[in-house]
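Look at the chain as a whole before turning to its parts.

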Amino acid sequence: MTYQLNKGTELYLLAQDGDWPALVSRCDSNPDEASFVDPLGRSSLHRACDHDRPAPLTAVEALLAAEETLLVTPDKEGKIPLHYAASSGASLEVLELLAESHPFSLAMQDKDGWTPLHCAAQAAGCSLSHLGEEKNEVIVRTLAESFPEALGMADNFGRRPLHLACMYSAAPMVVTVLLRIDGGRDSEDGCRAVTCLDHRNQCPLHLCCRKYDCSEDTVKVMEILLDADSGQTGVMDYDGRCCLETLMDAYSTTVRKALYRYSEGKKQSKKGSRIHITGTLHIFWKKAQQIIHAMAVCVNPDRKLLNCSTPQQYYPVLHDAIRLNGCPKQLIFFILRIHPEMITEKDACGNMALHVAAETVRSCSDSDAIAMDAADLTDVVLELLDLHPEVAAIANKEEKLPLQLAIEKGTKGWRIGGLGAIYQANPSALHSLAFDLRLLPLFLATRVGLALTETFLIIRSRPDII
């Protein structure tokens with residue numbers, strides 16, 4: 001029988017149009033037409049599974065009865081009908097039929113390395129989001145339970161199904177399925193996937209942080225990922241960006257605009273104010289809190305991972321942000337604008353934000369990246385002193401002032417203005433230093449690495465120490 005390749009057989013056109021009753025009849029009368037494939041390698045079964053009005057079980061059964069080999073016949077992209085069914089929201093009955101008729105099809109990968117589970121994970125946050133969370137959860141669960149090994153299979157870019165679910169903003173229930181299957185029992189493959197890195201050294205949390213949105217679901221997804229493994233917050237991708245920096249990159253324009261509006265409003269009102277977070281900024285702040293606290297937990301495992309959306313479970317986020325290596329300076333400034341009261345809050349050791357910043361300056365001798373952190377932290381110190389200069393005269397529980405903490409740290413990481421500003425805010429703090437003040441100039445120049453100009457200013461203000 002001869003067909004027009006650009007048009008297709010009658011059976012093929014019926015599958016393309018979604019006329020399912022007529023398709024079943026045509027399969028009975030002309031089963032030989034089922035072997036036709038179009039120029040893209042797609043058969044009638046491919047088209048039936050790739051339809052905005054998914055084919056019913058009777059139509060799929062009729063096509064398989066006419067030509068059973070259609071089940072594992074790939075198109076020119078390497079996709080079999082099960083790939084299409086997983087991407088288009090086919091019914092549970094159709095998915096089970098395709099999977100059970102040829103179990104190996106669950107492991108088949110297309111030219112991009114995607115299994116049917118990859119397709120379902122991507123579609124759950126993209127083309128099938130309109131189906132609702134429960135429908136997508138059923139599709140992903142069915143495929144994951146039928147072939148759990150697919151949870152750990154990587155595509156050509158090193159991405160597991162969990163990577164794609166996070167990349168395309170799948171619902172929390174879908175992400176949970178990819179981490180835990182079989183009635184909530186931990187899945188070995190799924191739990192490994194949360195720490196797997198793709199070819200750009202990105203974990204699923206990186207891909208979740210890349211999404212700019214204002215959905216509460218993405219906050220819940222982040223909570224799920226961090227609960228599974230908070231250690232992924234410290235992973236650096238091939239661009240040297242941690243998850244917190246990736247999140248800041250995604251929302252940088254929105255945050256910068258908010259900071260700009262704040263600065264303009266402060267110029268006009270000449271009064272202290274704050275940024276009131278709503279909408280997208282509110283979602284960003286929830287995400288940032290989650291990651292900051294998770295990173296702090298990695299540094300100090302004794303702290304519990306808290307759900308930051310619960311007011312009763314409060315922690316000193318500003319203190320944690322200042323301590324973290326890799327926290328963007330603009331994020332710290334954002335925290336100061338939305339919660340200025342945090343500047344004077346004390347942690348368990350009686351340290352305020354300035355105390356933390358004074359003892360956190362890092363050495364500039366290791367790498368340029370660390371040196372940039374030191375410069376940013378100096379800017380933070382200047383900002384803290386501009387908002388609350390009186391903190392420079394307040395001691396922590398060890399009776400140590402910020403200047404004393406900074407000098408005792410003895411790290412050559414200060415930039416011009418930082419240490420000098422702490423001194424200018426409270427010159428009497430020099431008396432708290434536990435060594436001969438006549439050695440102070442030498443100490444500042446050799447151990448602290450203070451600029452000569454700042455050392456000169458300190459000596460000029462206190463000529464009695466030399």
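Contact means heavy atoms within 4.5 Å. Helices (H or I, at least four residues) and strands (E, at least two) are DSSP runs, numbered from the N terminus. This is a predicted model, in which local features need pLDDT of at least 70 and side-chain atom pairs count only at pLDDT 80 or more, while totals for chains, interfaces and linings use all residues. Residues are numbered from 1 along each chain as its sequence is written, and side-chain values use heavy atoms, with hydrogens and water left out.

The protein chain has 23 helices and 2 strands. Of its 466 residues, 52% count as buried. Buried means under 20% relative accessible area, exposed means over 50%, and partly exposed lies in between (1.4 Å probe, protein chains only). Take the contacts in the protein chain between residues at least 6 apart in sequence: 73% of them join residues at least 24 apart.

Start with α6. Its residues V94, L95, L97, L98 and A99 are buried. The buried residues of α6 pack against α3 (44-49), α4, α5 (81-88) and α8.

Two packed helices are described by the angle between their axes and the distance between the axes. Axes are lines fitted to C-alpha atoms, for helices over the stretch in contact, and angles run from 0 to 180 degrees between N-to-C directions. Helix α4 (residues 57-66) meets helix α6 (residues 92-101) at about 25°, and their axes are 9 Å apart. The two helices are therefore roughly parallel. Angles under 35 degrees count as roughly parallel, over 145 as roughly antiparallel, 65 to 115 as roughly perpendicular and the rest as oblique. The crossing of α4 and α6 is right-handed. A crossing is right-handed if the near helix is turned clockwise from the far one by less than a right angle, and left-handed if anticlockwise. On the α4 side, L57, V60, E61 and L64 make the contact, and on the α6 side E93, V94, L97, L98 and S101 do. Sorted by class, the contact of α4 with α6 has 6 nonpolar, 1 polar and 2 charged residues. Ala, Val, Leu, Ile, Met, Phe, Trp, Tyr, Cys and Pro count as nonpolar, Asp, Glu, Lys and Arg as charged, and the others, Gly among them, as polar.

Now turn to α5. It packs with helix α7 (residues 116-124) at an angle of about 20°, with axes 7 Å apart. So α5 and α7 are roughly parallel to each other. Their crossing is right-handed. From α5 come L82, H83, A86 and S87, and from α7 come P116, C119, A120 and A123. The contact of α5 with α7 has 6 nonpolar, 2 polar and no charged residues.

Next, the salt bridges. A salt bridge is a side-chain nitrogen of Lys or Arg within 4 Å of a carboxyl oxygen of Asp or Glu. How many does a search of the whole structure find? The search finds 15 salt bridges.

One of them joins R159 and D198, with the closest N and O atoms 3.5 Å apart. R159 sits in the loop between α8 (133-146) and α9 (161-167), D198 in the loop between α11 (188-193) and α12 (204-209), and the two are 39 residues apart. R159 is buried, at 14% relative accessible area. D198 is buried too, at 5%.

D213 bridges to K287, the closest N and O atoms being 3.3 Å apart. D213 is in the loop between α12 and α13 (216-228), K287 is in helix α15 (residues 279-299), and 74 residues separate them. Both D213 and K287 are buried. K286 also lies in α15. It is buried, with a relative accessible area of 19%. Leaving aside residues up to four places away in sequence, K286 touches E216 and V219.

R323 and D347 meet in a salt bridge of 3.1 Å, N to O. R323 belongs to helix α16 (residues 317-323), and D347 to the loop between α17 (329-338) and α18 (353-358), 24 residues apart. R323 is partly exposed at 34%, whereas D347 counts as buried at 15%.

N201, in the loop between α11 and α12, has a phi near 65°, a positive value in a residue other than glycine. E399 has a positive phi of about 60° and is not a glycine either. E399 is found in the loop between α19 (368-387) and α20 (402-409). It is exposed, with a relative accessible area of 60%.
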